[in-house]
Amino acid sequence: MAINAPATFTRRALLGGGVAAAGTLALAGCASSPLAAGLVGSPLNPEQLIFWNLFGGGDGSRMQTMEAGYEKLHGGGKSLQATVFAWGNPYYSKLTLATVGNKPPDVAISHLTRAKPLYDGDILEPITDADLASVGLSAGSFNAKSWAAQKTDGRNIAIPLDTHPLVMFFNSDVCAKAGLVDADGKLKNLDGMDAFESALAAVSKVTGGTAITVANVSETATPWRVFWTFYNQIKGATPFISDNGSTLSVNEDAYTEVTSRLQKWVKNGWLNKGLDYAGAQTQMFTGKAAFYLQGEWEITTAQSVSGLKFGMVPAPQIYDKPAAQADSHTFVLPRKDRTPEQRKQAMLFIKQMLDQSQTWAMGGHVPAYLPTLDSAAYKALEPQADYASAAKVAVYDDPAWYGGSGSTFEATVGAQLGLVQQLAASPQAALSAIKQQLQVYLNTPSPL
Amino acid sequence: MTTAPAATRPARAVAATPSTPQRRSPLSRGDARPAWLFLLPFALFYLAFLIGPTIWMLITSFFNTSTVRSGLGTFAGFANYGEMLSRADFWSSMWHTLQFTIYTTPPLVILAFVFAILTNRIRRGQWFFRLAFFLPYILPSATISLIWVFIFTPGSGLWAAAQSAVGITPGAGVLASPKTAMIGIAIATVWWTLGFNFVLYLAGLQEIPRELYEAAAVDGASNWAQIRYITLPMLGRTTTLVILLQIVASLKIFDQVYLMTSGGPGISTQVALTLIAGTGFTDNRIGAASAASVLLFIVIIVIAIIRQLVDRAAARKEA
């Protein structure tokens, strides 16, 4: 009997049976299985809203709180699938490829400066007044500056959530020792080159070295933000690139002034020569420096350092006029086939996220949604209120098909500026490297 | 002296008499149809994901194809090639690819060989060393990048801590300087992929008959002489294989650079594939990216041919 058994159960029978079983399963599961949904391109779960964003750190956890707020209104975690990607070029590449590949999210976050090239590339759907009205929004619901900035060819391409300028963080204890704090614990006004440089010198005496930190190792965005802030404070500063990125129009005198000033600070020992993103913060947090230049979003990190007393002010005006490099996070609708209900659902999601702008503002960003910006609750937020004025002098990156936050442009220019700060390149060498590396982009017509 | 020439001789004899009917390719015999049927599933994938895209790459490299627009775009002729060949960053990325290959191939071959010989001599607990050398290889590139980014973190990383412990002031970090960043990536890669070559060598070592060593020992050959005259020649074929695989793998470097430095500082570690990925998927210029890919393709083929010629010349000399 045992000998006969293999004869009735052959390998062929096993394989055949397996194929048949798999086929039945596939047919049975056609309606709902992820595999079948992937093969025919239907949504996995039609009720679920898919949302892509690029927020890590403190922003990431606040965005999760807001997402939870949305889920609560719509029957729990099944109503929303939020995915976080590493920010910068990789994020926008994924958003572009997903949309081109007909698998875009329902709603995505985009920087305002990146939404324009996406729109030029036909990746975004314009948002009509009817869309806005369907959830009780209008142009008047938003801070006029960021609303005007998102308008492209007379259409609304993005709904701004915030403005995030570069600001100056300061360590209260170190500043107090250096005599830079007034009676009620606020930083004295350090505007003007002489005032600021003597403050740096005073701090340097207290810390025995560095006075101000700017991340410049494995980091290209921060050197660019700092440069663009100071550069635009100079009267006569021109756009770095113009005509959608086909002309290099930087004012070289202003460029040289800012970069040699930064090098002078490094040579004096005031500004760090080489620190990565986390290292630059740590120096200020641990009292080895008094000032730290970065976007206001690092407020969350600073607040999580126990025992740290710190404050935030707009970046000091060391030249002719106030200016601060900034961008806005916006909600965008990637191009896809939507039913009117899906469109309404996407708009409702945006509206209900905007309603939670106060949560978002805790993370440092200056809200774009006026009901929050004008609220007493926001005005009472400290230290947010101390630097909210920086949003009024916000300078966005120049529009270009390869430009915007975290773009090739920022990476190219920022990398050279980082080397300038490391004293590894002279301002002139860096500028010619920038020119040379941007040449191909300047010469190439936009592929969008 | 070695078995290698002995093994090739019959093969050559076969090649010299291809007309022998029994030696015809199985595909041209009667059982061709089942053979093709078995090959079909793979052939379809091969066509869809390798041959097809390669042909598409060749075509688009002559057009201003955009990633976000359908169709080929306007005809560009050789403009994409001209652009790439005149771009300083293309040449520097090609050089960095080559530089990475030069940095990684010799240590990965030599160290794998040395460690395999040492491990092979251990009687007890050999499994531990086999595991220790092979373990990094099974980690994903994202993990090894995180580990080595931590090690090279300026100020607080492991390397900086070790430097301060012996009284050296840590600098800005290995990955921070354009001069050392590629070396940092090469070190991480050597640590990561050494295990694969190590296992190939170890397998090769265990194939060598013990009698050869015993006979040599009886004749009074020293340890070194045994390695020099028995181990090295007997591992000749393994070495050929390891070097070829290693060169090809190194020329395809992408992950570690993308994850550890994203091509920085500046573009000092930008390699061919990061440039191609950037051009194609970030700048949305598939046409230009295709031209760069074709150029890299040509370089890899040329290197493979050169290696083949060198090998053949060496084999002829040996014979």
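Modeller: Two residues are in contact if their C-beta atoms, placed from the backbone, lie within 7 Å. This is a predicted model, in which local features need pLDDT of at least 70, side-chain atom pairs count only at pLDDT 80 or more, and totals for chains, interfaces and linings use all residues. Residues are numbered from 1 along each chain as its sequence is written, while chains are lettered from A and ligands numbered from 1 in the order in which they are written.

Biologist: Among the contacts in chain A with a separation of 6 or more, what percentage do residues 24 or more positions apart account for?

Modeller: The C-alpha atoms of chain A fill a box of roughly 95 × 55 × 50 Å along the principal axes. Of the contacts in chain A with a separation of 6 or more, the share from residues 24 or more positions apart is 77%.

Biologist: How many helices and strands are there in chain A?

Modeller: Helices (H or I, at least four residues) and strands (E, at least two) are DSSP runs, numbered from the N terminus. On that basis chain A has 21 helices and 16 strands.

Biologist: Which element gives the most residues to the side of domain 1 of chain A that touches domain 2 of chain A?

Modeller: The domain bounds, which come from an automatic or database domain assignment, are 49–160 + 329–367 for domain 1 of chain A and 166–326 + 391–443 for domain 2 of chain A. Their contact takes 19 residues from domain 1 and 17 residues from domain 2. On the domain 1 side, α4 (57–73), α6 (112–120) and α8 (144–150) of chain A each give two or more residues. With six residues, the element that gives the most is α6(A).

Biologist: How many charged residues has the side of chain A that touches chain B?

Modeller: The contact between the chains takes 27 residues from chain A and 23 residues from chain B. On the chain A side, the elements that give two or more residues are α5 (89–100), α20 (408–421) and α21 (427–443). For the classes, Ala, Val, Leu, Ile, Met, Phe, Trp, Tyr, Cys and Pro count as nonpolar, Asp, Glu, Lys and Arg as charged, and the others, Gly among them, as polar. The chain A side then has eleven nonpolar and 14 polar residues, and its charged residues number two.

Biologist: Why is α12(A) described as oblique to α21(A)?

Modeller: Axes are lines fitted to C-alpha atoms, for helices over the stretch in contact, and angles run from 0 to 180 degrees between N-to-C directions. The axes of α12(A), residues 252–267, and α21(A) come within 9 Å and cross at roughly 130°. Because angles under 35 degrees count as roughly parallel, over 145 as roughly antiparallel, 65 to 115 as roughly perpendicular and the rest as oblique, the arrangement of α12(A) and α21(A) is oblique.

Biologist: Is Leu423(A) exposed, partly exposed or buried?

Modeller: Leu423(A) lies in the loop between α20 and α21 of chain A, and its phi is near 60°, a positive value in a residue other than glycine. A residue is buried if 20 or more other C-beta atoms, placed from the backbone, lie within 10 Å of its own, exposed if 12 or fewer, and partly exposed in between. Since 13 other C-beta atoms lie within 10 Å, Leu423(A) is partly exposed.

Biologist: Which residue does a cis peptide bond join to Glu382(A)?

Modeller: The omega of this bond is about 0°.
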